[in-house]
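Please keep the sequence and the coordinates at hand while reading.

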Amino acid sequence: MTKAPVIVAKSRRASAIVEAARRIVETEGYRALTMRRLAAEVGIQAPSLYKHFPTKSAVETALIEQGLLEMGQALHDAVGSPGSRGPVSSLLAEYRAIARKNPSIYRLATTDAFRRDQLAPGLEEWAGEPFYLATGDQFKAQALFSFAHGMVALELDSRFPEDSNLDETWAAGARAFSS
């Protein structure tokens with residue numbers, strides 16, 4: 001496994017801004033994040049935010065980087081120590097758990113246009129690497145990610161019938177990708 005990419009540390013004030021943005025996103029959803037709302041949360045005037053982040057998109061990118069680092073580390077750990085479940089089952093269980101625990105951060109990172117050119121170099125590849133490590137094939141890895149993302153998105157949006165056994169659906173996906 002490769003090491004997590006290094007993200008350049010921001011100033012203490014910038015870190016506080018990102019923490020406040022995360023609180024807003026986690027409690028109110030990512031669409032609630034505005035520079036005015038964020039400034040009020042931090043206790044400064046909105047124009048002062050621009051000294052630390054040139055745009056709202058830059059704040060969102062910092063949140064996405066945090067989310068990718070957290071998910072990537074958890075997925076690397078799941079694949080590295082899968083226990084009796086095996087790497088694919090372990091990876092899928094962890095992916096689902098993280099997305100369900102932080103649905104607004106997950107949606108921020110996976111909804112709308114993806115600004116990969118704004119991310120820390122190597123972060124996206126590292127965060128996605130566990131899918132390859134679990135399958136050993138780049139195309140199977142991409143298909144596995146597509147399955148996991150689609151399942152999570154549908155589950156978070158309550159798009160499955162109420163009587164669906166999603167645990168069994170996830171298990172069926174794990175079996176399909178483990179063969």
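Which residues of α7 are buried? They are Leu123, Trp126, Ala127, Glu129, Pro130, Phe131, Ala134 and Thr135, where buried means under 20% relative accessible area, exposed over 50% and partly exposed in between, with a 1.4 Å probe and protein chains only. The model is a predicted one, in which local features need pLDDT of at least 70 and side-chain atom pairs count only at pLDDT 80 or more, while totals for chains, interfaces and linings use all residues. Residues are numbered from 1 along each chain as its sequence is written, and side-chain values use heavy atoms, with hydrogens and water left out.

Helix names follow DSSP runs numbered from the N terminus, with helices being H or I of at least four residues and strands E of at least two. The buried residues of α7 pack against α4, α5 and α8; contact here means heavy atoms within 4.5 Å. At Glu129, α7 bends by about 35°, and a proline, Pro130, follows within four residues. The bend is the angle between axes fitted to the seven residues ending at a residue and the seven starting there. After α7 comes Gly136, with a positive phi near 75°. Gly128 is also placed in helix α7, and it counts as partly exposed because its relative accessibility is 33%. From Gly128 to Ala148 the C-alpha distance is 12 Å, with the two 20 residues apart in sequence.

Rolling a probe the size of a water molecule over the atoms shows where empty space is left. On a 1 Å grid over the protein atoms alone, a cavity is a set of points where a 1.4 Å probe fits but cannot get out, whereas a pocket is an open set with protein on both sides within 12 Å along at least five of seven lines; lining residues have an atom within 4 Å of a point. Grid points are joined across faces, edges and corners, and a volume is the space filled by probe spheres set on the points.

The largest pocket has a volume of about 910 Å³. It is lined by 42 residues, and those closest to its centre are Leu68, Phe114, Glu124, Gly128 and Phe145. Two or more lining residues come from each of α4 (56–80), α5 (87–101), α6 (103–110), α7 (123–135) and α8 (138–156). The largest share, 9 residues, is that of α4. By type, the lining of the largest pocket has 20 nonpolar, 10 polar and 12 charged residues. In this count Ala, Val, Leu, Ile, Met, Phe, Trp, Tyr, Cys and Pro are nonpolar, Asp, Glu, Lys and Arg are charged, and the others, Gly among them, are polar.

The second largest pocket has a volume of about 170 Å³. Ile7, Lys10, Val18, Ala62 and Gln66 lie nearest its centre, among 11 lining residues. Here α1 (12–28) and α4 are the elements that give two or more residues, and α4 gives the most, with 4 residues. The lining of the second largest pocket divides into 6 nonpolar, 2 polar and 3 charged residues.

What does the largest nonpolar core contain? It has 29 residues, and Leu33, Leu38, Leu49, Phe53, Val59 and Leu63 have the most contacts inside it. A nonpolar core is a set of buried Ala, Val, Leu, Ile, Met, Phe, Trp, Tyr and Cys residues joined through side-chain atoms within 4.5 Å.

Beyond four places in sequence, Phe53 touches residues including Lys10, Ala14, Val18 and Ala62. Ala14 lies in helix α1 and is buried, with a relative accessible area of 4%. Thr61, in helix α4, is buried at 7% relative accessible area. Leaving aside neighbours within four places, Thr61 is in contact with Arg115, Gln118 and Leu119.

Ser158 lies in the loop between α8 and α9 (166–178). Ser158 has a positive phi of about 55° although it is not a glycine, and it counts as exposed because its relative accessibility is 61%.
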